[in-house]
Amino acid sequence: MRRYTPLIAFVVAALSFGAAATRLSAQAAQTTTIIFVRHAEAAGGDPRDPSLTPAGEVRAAALSKALSGAGVVAVYTSQYNRTRSTGGVVGKAAGATVTVVPVAGATLDADASTLIERIVRDHAGKTVLVVGHSNTVPLMVKKASGVGVDAITETEFDRLFVVNIRDGVARLIQARY
């Protein structure tokens, strides 16, 4: 597993600074931050709903540590073990609510739009983590930011996408953890 701790520390510091700056003035526009990640490494057991491997458990803990200062207030995952386990570690450490949002292949596009709208509406001015899959994370990042990102390969588990939304304008930061 590659380490990108300085970059993640910078991203978390930027998020924390942005949150602090937002609190300074009640009249300032709120920045909603959505962090998107793919679930950590999954085991080979059940092909339809595998759990995390030991390396995946380590990665989920690394994600939790990387986001410890980001102020995550909510975590959204799919119904699958690998996303729930990855997001659950962050949610527990942050004291954040973990919400399962089922995904279905036939309605991915509409479901992604609905989730982004829900986060912006229900968590305005807050930071939210979304744990998805190789096929859902790029779609959700595009829906949230308007920016297309490279596909996530089956062997990539360390990409992190931060979308800051303020006054209807989205900015995307891409990093690895």
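Six strands make up an open, mixed sheet, and their order is 3-2-4-1-5-6. Strand 3 (97-100) and strand 6 (169-176) are the edge strands, each pairing on one side only. From one strand to the next the twist averages 20 degrees.

A word on the source. This is a predicted model, where local features need pLDDT of at least 70 and side-chain atom pairs count only at pLDDT 80 or more, while totals for chains, interfaces and linings use all residues. Residues are numbered from 1 along each chain as its sequence is written, and side-chain values use heavy atoms, with hydrogens and water left out.

Some terms. Helices (H or I, at least four residues) and strands (E, at least two) are DSSP runs numbered from the N terminus. Two strands pair if DSSP finds at least two bridges between them. Axes are lines fitted to C-alpha atoms, for helices over the stretch in contact, and angles run from 0 to 180 degrees between N-to-C directions.

Now strand 4. Strand 2 (residues 72-77) pairs with strand 4 (residues 127-132) in the parallel sense, over five bridges. Two of the bridge partners are V128 for A74 and V130 for Y76. Strand 1 also pairs with strand 4 in the parallel sense, over six bridges, and there T127 is the bridge partner of T33.

How many residues of strand 4 are buried? Six of its six are, with buried meaning under 20% relative accessible area, exposed over 50%, and partly exposed in between (1.4 Å probe, protein chains only). T127, L129 and V131 point one way, and V128, V130 and G132 point the other way.

Next, helix 5. Helix 5 (residues 137-145) packs on the sheet, touching strand 1 (31-38), strand 4, strand 5 (159-166) and strand 6; contact means heavy atoms within 4.5 Å. The direction of helix 5 makes about 165 degrees with that of strand 1. Its buried residues are V137, P138, M140, V141, A144 and S145. Seen down the axis of helix 5, these fall within an arc of 165 degrees, so they line one face of the helix; the arc is that of the directions from the helix axis to the C-beta atoms. They pack against strand 1, helix 4 (108-122), strand 4, strand 5 and strand 6. Just after helix 5, G146 has a positive phi of about 80 degrees.

On to helix 4. E117 sits in helix 4 and counts as exposed because its relative accessibility is 52%. E117 and A144 are 27 residues apart in sequence, and 8.7 Å apart in space, C-alpha to C-alpha.

Last, the cavity. On a 1 Å grid over the protein atoms alone, a cavity is a set of points where a 1.4 Å probe fits but cannot get out, and lining residues have an atom within 4 Å of a point. Grid points are joined across faces, edges and corners, and a volume is the space filled by probe spheres set on the points. The structure has one cavity of 30 Å³ or more. The largest cavity holds about 160 Å³ of space. Its lining has 17 residues, and V101, V103, L115, T136 and M140 lie nearest its centre. Which element gives the largest share of that lining? Helix 4 does, with four residues.

Terms used: 1 Å grid on protein atoms, 1.4 Å probe; cavity = no way out; pocket = protein on both sides within 12 Å on 5 of 7 lines; lining within 4 Å.
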